[in-house]
Amino acid sequence: MVRLDIVSGFLGAGKTTFIRKVMEACISRREKIVLVENEFGQVSIDSALLETEHVKIYELLQGCVCCTLKGDFFQTIKNILPQKPDRIIFEPSGIFIFNEIFDLLKDPEISSQCCINSVTTIVDGQHFFQQNKRFSPFFESQISHASTLVLSKTPSLSTKEIKEISDALRQQNDTASLVTKSWDDFLCHEIMLILDGNIKYALPNLLDEIPDCSTGHGHHKHEFESVGVRTAKIFEIRELENILGQFPQAQFGNILRGKGIIKTPDHCVEFSYVNGQYHISQSKSTIAGMASFIGMGLKKEKLLALFG
Ligand SMILES: Nc1nc2c(ncn2[C@@H]2O[C@H](COP(=O)(O)OP(=O)(O)OP(=O)(O)O)[C@@H](O)[C@H]2O)c(=O)[nH]1
C-alpha cells in the first residue's frame, strides 16, 4: 500500500517548513517519496523551495483540491500510483477544507493501492487565536480531521500561551496526538513518528468511519483571491523590507499571506509575510523572481507595480 500523508494547516502555518523536515527524514531512510503541492495562487513558490533531485513534485495551481481541483487531484494520485512510491506527501493549500477529500478512498482504483496514513495539521502558535476566530471553518475542519496536531513557531511562545492553545485544540480534537515541543531540532525518527505513530487513519478503506460529505455541503466558495508576480528585478533588501512593511496598512488590499523568492545584488532571498509580520532569509533556491499573495480585495495592479 502506498501511504498518503497529508500535511494541512492555515496560510503560513509552517506546512512547507515541516514537509522539508519530513523529506529529509524520508530521504535519509531511502524511502521513495513523491510530493503533491496544491497552491491556491498561480505561482508555485513551495515547489521551488522544496525542489531537490531526490523527489518528484506534482503541482496543482490556481485553486483548491477541496473544490475546483478535486478531479485533478484524484487524477494526479492515479498517475503517481504506478510509480509505486513508498509515500505520497500532500500539502493542500492553507484554505483547504476536508470535505470531499475522503472520496479518494471510495475510488476503487485508488483505495486498492493507497491508504491515508496520517493527517498532520500544523497550527500557527503565533497567530492561532486571531486567525482561528476569523477563519473558523478552515481551522475547525483542519483541526478536527488531524491524526496529529503540530504547533509551530513555539520558541516565541510562553508556557502559558502554549497551554492555552493546547486547551483550545483539545476542545476541537481530543484524540489527535499533540506536538507542542519546538520541532526545529527533531531527529529523523521523531519526525517519522509523527506520520507513522498514529492509527487514526492507518487502516485503509475504513469507509464506515469516513465522514460522508457528499451531500448537503456542495462545493464551498472561497472568499479569497490571489495575485502571482514574476519579476526579473534585483531588489535591495531595504527595498523589499519597505514593501513588506507597508502591507498591514491595506493599501494593497487585505493581504493575509505573501511569499516569494527574489534576487538581491548578493544572493536570492525568500520572504514570508503572515498576518502582518514578515521574515526575509537567504535562499538556496535556484529559481528566483516570483511572489504570490493571497487575501481579500487585493489591488492587483498596485501589487504588480511594486515588483515590476
Ligand atoms: N521560528 C519558526 N518559524 C517557522 C516555523 N514554522 C514555520 N515558520 C516560518 O513561518 C513562515 C511560513 O512557513 P511556511 O512553511 O512557508 O508556511 P506554509 O504553511 O507552508 O505556508 P502556505 O503554504 O503559504 O500556506 C516561514 O517564514 C517559516 O520560516 C517554526 O516552527 N518556527
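Here Ala, Val, Leu, Ile, Met, Phe, Trp, Tyr, Cys and Pro are taken as nonpolar, Asp, Glu, Lys and Arg as charged, and the rest, Gly included, as polar. Sorted that way, the shell around the ligand in this predicted model comes out as nine polar, five charged and four nonpolar residues. In total, 18 residues surround the ligand, with G14, K15, T16, G94 and S272 the closest. Three elements, α1 (15-28), β9 (254-263) and β10 (268-274), each put two or more residues into this shell. The largest share belongs to α1, with three residues.

As for where the ligand sits, domain 1 (2-209) and domain 2 (225-307) both supply shell residues, so the ligand lies between the two.

Turning to the strands, β9 and β10 also belong to an open sheet of five strands, which runs β8-β12-β9-β10-β11 with antiparallel pairing. The edges are held by β8 (225-230) and β11 (277-282); each has a single partner strand, so one side of each goes without a neighbour in the sheet. On average, neighbouring strands here are turned by 10° against each other, ignoring direction.

At the β11 end, the antiparallel pairing of β10 with β11 spans six bridges, and E270 sits opposite S281 of β11. Helix α10 (residues 300-307) packs on the sheet too, where it touches β8 and β12 (290-296). The direction of α10 makes about 25° with that of β8.

Methods
Residues are numbered from 1 along each chain as its sequence is written. This is a predicted model: local features need pLDDT of at least 70, side-chain atom pairs count only at pLDDT 80 or more; totals for chains, interfaces and linings use all residues. A residue is near a molecule or strand if its C-beta atom, placed from the backbone, lies within 6 Å of it. Helices (H or I, at least four residues) and strands (E, at least two) are DSSP runs, numbered from the N terminus. Domain bounds come from an automatic or database domain assignment. Two strands pair if DSSP finds at least two bridges between them. Axes are lines fitted to C-alpha atoms, for helices over the stretch in contact, and angles run from 0 to 180 degrees between N-to-C directions. Two residues are in contact if their C-beta atoms, placed from the backbone, lie within 7 Å.
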